[in-house]
Amino acid sequence: MLTEILRFCASKLTLANALVATPCPGARGRMRLLLGLVAFASGGALAAAQTAGCVPNTANYPCVYVANANSNNVSVINATTNSVIATIPVGTSPEGVVVTPDNSSVYVANTLGKSVSVIDTTTNTVTATVLLQGFPSQIAITPDGAFAYVAEPGTGFEFNSFIEVIDTKINQVVSADTLTGLTNPTAVVISPSGAFAYAADTCLGTNSACVEVIDTSTHQVRTSITIGSSGTFEPASIAITPDGSRVYVSHVGAGQASGFTYVDVIDTSTNNDFLNYRIAGDALPSDVGFTITADSRFLFAATPTTSTGT
């Protein structure tokens with residue numbers, strides 16, 4: 001289900017979204033929900049003839065790309081007709097999906113395949129496969145399209161965790177810029193300016209939720225922001241407002257708050273965690289289910305329960 005967790009004022013989500021249940025690989029084997037976002041913004045004249053791809057000024061545009069973990073493929077949905085126009089084989093257990101700013105490619109994180117598949121939107125075929133060290137969950141691409149940051153949490157697999165950086169021109173990992181020493185980076189977002197990446201992680205030595213602030217000019221962690229006294233960081237989402245002023249991150253509380261899901265708000269100008277929201281019911285956080293509307297009025301999240309948020 002889609003849960004509206006933060007309501008700022010009356011409005012509605014204008015983006016079309018697709019929600020697909022995917023199994024969570026790892027020891028816990030929980031169900032997680034994948035929030036498939038519309039790949040391209042609407043606009044432009046449609047071509048008269050149907051094409052296999054999905055790029056602006058073609059009959060299929062705009063499209064939704066949805067990862068199907070059980071069948072190891074990606075469904076391409078025409079957002080106008082709500083019909084599947086292509087099914088693209090990718091790696092094992094695909095999860096995170098992201099589109100490049102120029103709409104030319106789709107990057108897919110294959111969790112159990114330890115790889116990223118690169119889809120050409122003109123033909124809707126895989127043109128490259130990038131091998132990784134860990135188990136990728138989510139991907140974020142810099143606004144200039146030059147780099148893809150891949151979050152690879154290892155806790156659920158009892159392996160090391162990474163954030164690897166892919167050079168999108170050659171579709172290879174920039175090995176010198178691989179971020180190590182992370183505990184469990186589940187998701188990552190890039191600031192609209194492209195200056196920083198923000199990764200949902202667990203603070204080393206404290207086992208508490210935190211956000212790693214990464215300088216994209218050096219691909220290195222600049223600082224870590226502790227999220228209150230939240231305790232163990234369950235798989236969590238992270239999102240940034242269109243103006244880059246706020247970062248939202250979900251986590252599970254500890255102590256008396258154990259089992260409850262929270263969303264914390266970070267002021268990116270100061271890197272301070274200044275607001276904390278508890279989600280009603282027993283909704284659990286998902287690392288694949290955050291999106292903020294273009295007007296910044298609503299934050300929507302996918303949860304693996306039937307609880308409603310506030």
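## Strand S5 and its partners

In this predicted model, Cys63 stands opposite Asn78 of strand S5. The two residues belong to an antiparallel pairing in which strand S4 (residues 63-68) and S5 are joined over 6 bridges. S4 and S5 form a hairpin with 4 residues between the strands, and Asn72 in that turn has a positive phi of about 55°.

On the other pairing of S5, strand S6 (residues 83-89) runs antiparallel to S5 and is joined to S5 by 6 bridges. Within this pairing, Val76 has Ala86 in S6 as its bridge partner. S5 and S6 likewise form a hairpin with 4 residues between them, and the turn residue Asn82 has a positive phi of about 55°.

## Burial along S5

How many of the residues of strand S5 (residues 73-78) are buried? The strand is mostly covered, with 6 of its 6 residues buried. In a regular strand, side chains alternate between the two faces of the sheet. In S5, Asn73, Ser75 and Ile77 point one way, whereas Val74, Val76 and Asn78 point the other way, and all of these residues are buried.

## The disulfide

A search of the whole structure finds 1 disulfide. This disulfide is formed by Cys54 and Cys63, whose sulfur atoms are 1.9 Å apart. The torsion about the S-S bond of Cys54 and Cys63 is about 110°, and the disulfide is therefore right-handed.

Another cysteine, Cys210, counts as buried at 0% relative accessibility.

## The four-stranded sheet

An open sheet of 4 strands has the order S16-S17-S18-S19, and its pairing is antiparallel. Why is one side of strand S16 (187-190) and of strand S19 (220-226) left without a neighbour in the sheet? Both strands stand at the edges, and each has a single partner strand, so one side of each remains without a neighbour. Neighbouring strands of this sheet are turned by 25° against each other on average, direction ignored.

Within the sheet, strand S17 (residues 196-202) and strand S18 (residues 209-215) run antiparallel and are joined by 7 bridges. Tyr198 stands opposite Val213 in S18.

## Strand S24

Thr291 is found in strand S24 (residues 290-292). With a relative accessibility of 8%, Thr291 counts as buried. Thr291 and Ala301 are 10 residues apart along the chain, and their C-alpha atoms are separated by 6.6 Å.

## Confidence of the model

The mean pLDDT of the chain is 76, and 68% of its residues reach 70 or more. Confidence in the chain is lowest in strand S2 (residues 17-23), with a mean of 34, and highest in strand S9 (residues 115-120), with 98. Over residues 1-50 the pLDDT is below 50, and this stretch has 161 contacts in the model beyond near neighbours in sequence.

Which other residues have a pLDDT that stays under 50? Residues 306-310 do, and for this stretch the model has 19 contacts beyond four places in sequence.

Methods
Residues numbered from 1 in each chain as written. Predicted model: local features only at pLDDT ≥ 70, side-chain atom pairs only at ≥ 80, totals over all residues. Heavy atoms only, no water. pLDDT = per-residue confidence, 0-100. Contact = heavy atoms within 4.5 Å. Pairing = 2+ DSSP bridges. Axes fitted to C-alpha atoms, helices over the stretch in contact; angles between N-to-C directions. Disulfide = S-S within 2.5 Å. Buried < 20%, exposed > 50% of the residue type's maximum accessible area, 1.4 Å probe, protein only.
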